[in-house]
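Visitor: Hello! Could you show me how to read the inside of a protein, step by step?
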Amino acid sequence: MKDLIIPWDETDKGTPLRVGAPVTLSVDGIEVTVPEGTSVMRAASDAGIQVPKLCATDSLEAFGSCRLCVVEIEGRRGTPASCTTPVVAGMVVKTRSEKVQKIRRGVMELYISDHPLDCLTCSANGDCELQDMAGAVGLREVRYEAGENHFEVRAGAAANAQYIPKDDSNPYFTYDPAKCIVCNRCVRACEEVQGTFALTIEGRGFDSRVSVGAPNFLESDCVSCGACVQACPTATLQEKSVIEIGTPERSVITTCAYCGVGCSFKAELNGDQLVRMVPWKHGKANRGHSCVKGRFAYGYATHQDRILNPMIRDKITDPWREVSWDEAMSFAAGRMRGLQDQYGKNAIGVITSSRCTNEETYLVQKLTRAVFGNNNTDTCARVCHSPTGYGLGQTFGTSAGTQDFDSVEHTDVVVVIGANPTDGHPVFASRLKKRLRAGAKLIVIDPRRIDLVRSAHVSAAHHLALRPGTNVAVVSAMAHVIVTEGLAAESYIRERCDWEEYLAYSDFIGDARHSPEATELLTGVPAAELRAAARAFATGGNGAIYYGLGVTEHSQGSTTVMGIANLAMLTGNVGRKGVGVNPLRGQNNVQGSCDMGSFPHELPGYRHVKGAEVRAIFEKAWGVEIDPEPGLRIPNMLDAAVEGTFKGLYCQGEDILQSDPDTKHVAAGLAAMECVIVHDLFLNETANYAHVFLPGSSFLEKDGTFTNAERRINRVRRVMAPKNGYEDWEVTQLLANAMGAGWHYTHPSQIMAEIAMTTPSFAGVTYEVLEEKGSVQWPCNEAHPDGTPLMHVDGFVRGKGRFIVTEYVATDEKTGPRFPLLLTTGRTLSQYNVGAQTRRTANVAWHDEDVLEIHPHDAEVRGVKDRDWVRLASRAGETSLRAKITDRVSPGVVYTTFHHPDTQANVITTDFSDWATNCPEFKVTAVQVNLSNGPSAWQEDYNAHAGLARRILPAAE
Amino acid sequence: MSPEKMVMMANQIATFFKSQPGRDQPERIADHLNDFWAPRMRAQFLEHVAAGGTGCDPLVVRAAGFVRVPAG
């Protein structure tokens, strides 16, 4: 397939798009019609006329400071700035009159008088708006003599007091004040787009400087999202990669491979060398914004740790031996078939990756169903959002979020439960914060005081800091308040939901045992606060619920998801813009991997394997018989392995040893298997127990699609050739064919065609459609040819929405004298999941180790000081890490992240799981914390074992 | 899987369905097991119940009658 030529208009139109009644005006004699509220500058751009500008850019509201964009308007005095002047019907605008051209040259002359003229050696040469504008206005001379300025290091014999040296503290970009024209674009980007408010302008007049209010960028509040770098018109804020390599000469639109927001990026290159990743303004998930991971943390793709050749070994105690692809495949295929011959066809299985593409995931599940002949396929969604699949499937009839991200712009009350968007889903968080600054109310339900509870210009109306494990009680208490105070949207419920089931539900939920007063002691949430939050949600206008793994990763994860769906239906908040139930997906393609039939009980499109008519579709397409029985889920595979009935595993792009709970149990399961095939970029922790290592390709090296949390199918495009030689779908095909499959795919588009042919919700998805529309949200088929931004608009997918009784059941994981604290886990902004990618980038500058957050009261009684080594122990195991004393966690609760394998937070977590889906209860573990001298014996043993397990024999001479 | 873990999982499922209205809880528990438990897990479960069902919620024992016996 040829390189993509994007038909989208990339012109910077100066000010943002408006929505409104059409207004017609004339610009330089060209008639143009634009929405009311549009600026004259944008209208001119629509007419094909670019008014010179410096402080304006269409990602930011107009500011009107540079005066370069002045125009003349018939009947108006003076020369108004076109960026801040809204259009009026019949307006006659002149953008190139002699008068304004003279003003512009004068303005440019002043700018240039305080700017170094080192264009040829400047890192922004060729990518500098100041340079472009000097050309555009016809600047030919600068009459001002050198005087006081900001760019010369010396002023005569003395040092120039106005000169500030370059700040290169941030690992990814530099701030060079000498190049700054104080246009405010960076400050406004930090404020309007990112919502961090890390930047400001200090001083007045000639003394005005961009400031981070800290010694440097790295020590400031800056979250390194790159919005300021993007906005800067000069070399003042510039990517280090551009400084090192030079300006890029071509670009490819692709999709970020980090979180479930699924941002669109322009990968900008010189040849096949990636120069930078720039968020794409036409990306419908991110609308031109990015975070530190997607924007900057791609260096892992070329990290020296990447394994590029296949490797095998007989025993996991042997060193690895590099072999040819042929040898690796025949070794792997021989072993897997041998295990089936010896232990039965169900003795092997696969784990699909939520980081790989839809096409790759589809092939891996097809491998087990069509080639292995069983349904032993599972995916990392098991350990994150499987309860979402079950809970939303039961209540609404479909296993996905109901909205697109744009919907948040129409929300009046937002409930965030068990999610930390500013860290886990930063670009969505920025869009949410923008809405909150515009007046929407926020209710946070989380044991920890996440940043959204209180940060710059955002504060939650209610923070219900519940005890970990009491989600169902809190959600039910909110429903209780809504039902008993007569706030339920009865007409909506009568029309759209099963009324009989609602009556049973309202009887149940109206019982006094669900009242906030009755559950206060249990949940730790003050009843009055909970009542106020429930009323605010029910009566505040459009109410939207966003939730994360703090909801799902519990014994009652599925029940909480149902409780959330109940709340949305109770208040009439499903089926239009600004409302809905929105699971925030952890990994880039969790949604897609679930859609693609990765679960052992369902074929692609969430159809249970027991259905003969569904099996028939795939039996016909694949020419095999499909097992009607559900296969093993990941925890079941590990249990079966320990028991001796599950012997072989093909694990693509997932590190179960680090990411799954109860590490010792996972290790025992893996060690008991006779053939573990790890397909990954790196020798991850799971690979310590592998017999075959198949090198993977990064998202930059393959074609395919990812499906984000809003069901949006986005193209992933090959930016460079795979360093390992094959895209991941090709590797799976090699393995399948080595086992006799006879597959002949030559491009992922053919795999998508097979998905579309077999899966009704994808029936209209083709690569051609994706090229044309940029992206589509499933269902995309004959009924919805353009895809489906909002679900359940005219009624629920299952017919009538179903209220489900949600009785709170305390988890068996209880605190007691031995383990008096509750541990909960989460993510930090700069790192991603097990850190395999982000730890191999400069993001470690922000988070180079996992720490244990502990409340000052709990720390004091244990004699723990900040940065002390502490031992963290549960009934499952123990580990050691450093303490961080903070009141972000409540007394009785401790918190850590699991990004670093040295910490092994999952040695602590237990094998308790969600009742319906076996999703592990990561978020609640009873623990004890006390002082320690350093790493635990387990950590030392583990590191020693990992070192041995990663030995690679030198290649034979 | 250890019998204790299996019993705990079955009891968790029963606890949910016990809270649901209607009189068909055993059938719904069995449906859940049929839909999500692999044949070998169901076989182990049925054996355990047949051997007295130590630790099982009475509702789990009643549900066992509706659990599909794996072929082979």
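Guide: Gladly! Keep in mind that this is a predicted model. Let's begin with one residue: leaving aside neighbours within four places in sequence, Ile564(A) is in contact with Ile417(A), Val475(A), Ile545(A), Tyr547(A), Val551(A) and Val581(A).

Visitor: What should I know about nonpolar side chains in general?
Guide: In soluble globular proteins, they tend to be buried together. Here, the largest nonpolar core has 296 residues, and Met478(A), Ile564(A) and Ile677(A) touch the most other members. Helix α13 of chain A, residues 471-484, supplies the largest share of this core, with 10 residues. Another core, of 5 residues, lies apart from it and includes Leu603(A) and Ile626(A).

Visitor: How are two packed helices described?
Guide: By the angle between their axes and the distance between the axes. Take α13(A) and helix α16 of chain A, residues 516-523: they pack at an angle of about 165°, with axes 10 Å apart. Angles over 145 degrees count as roughly antiparallel, so that is how α13(A) and α16(A) run relative to each other. The crossing of α13(A) past α16(A) is left-handed.

Visitor: Which residues make the contact between these helices?
Guide: On α13(A), they are Ala473(A), Val474(A), Ala477(A) and Val481(A); on α16(A), they are Pro516(A), Thr519(A), Leu522(A) and Thr523(A). By class, this contact has 6 nonpolar, 2 polar and no charged residues.

Visitor: How many residues does each chain bring to the contact of chain A with chain B?
Guide: Chain A brings 17 residues and chain B brings 16 residues. On the side of chain A, helix α22 (residues 634-643) gives the most, with 3 residues. That side has 6 nonpolar, 7 polar and 4 charged residues.

Methods: Residues numbered from 1 in each chain as written. Chains lettered and ligands numbered in written order. Predicted model: local features only at pLDDT ≥ 70, side-chain atom pairs only at ≥ 80, totals over all residues. Core = buried A, V, L, I, M, F, W, Y, C linked by C-beta atoms within 7 Å. Buried ≥ 20, exposed ≤ 12 C-beta atoms within 10 Å, placed from the backbone. Helix = DSSP H or I, 4+ residues; strand = E, 2+ residues; numbered from the N terminus. Contact = placed C-beta atoms within 7 Å. Axes fitted to C-alpha atoms, helices over the stretch in contact; angles between N-to-C directions. Parallel < 35°, antiparallel > 145°, perpendicular 65-115°, else oblique. Left-handed = near helix turned anticlockwise from the far one by under 90°. Nonpolar A, V, L, I, M, F, W, Y, C, P; charged D, E, K, R; others polar.
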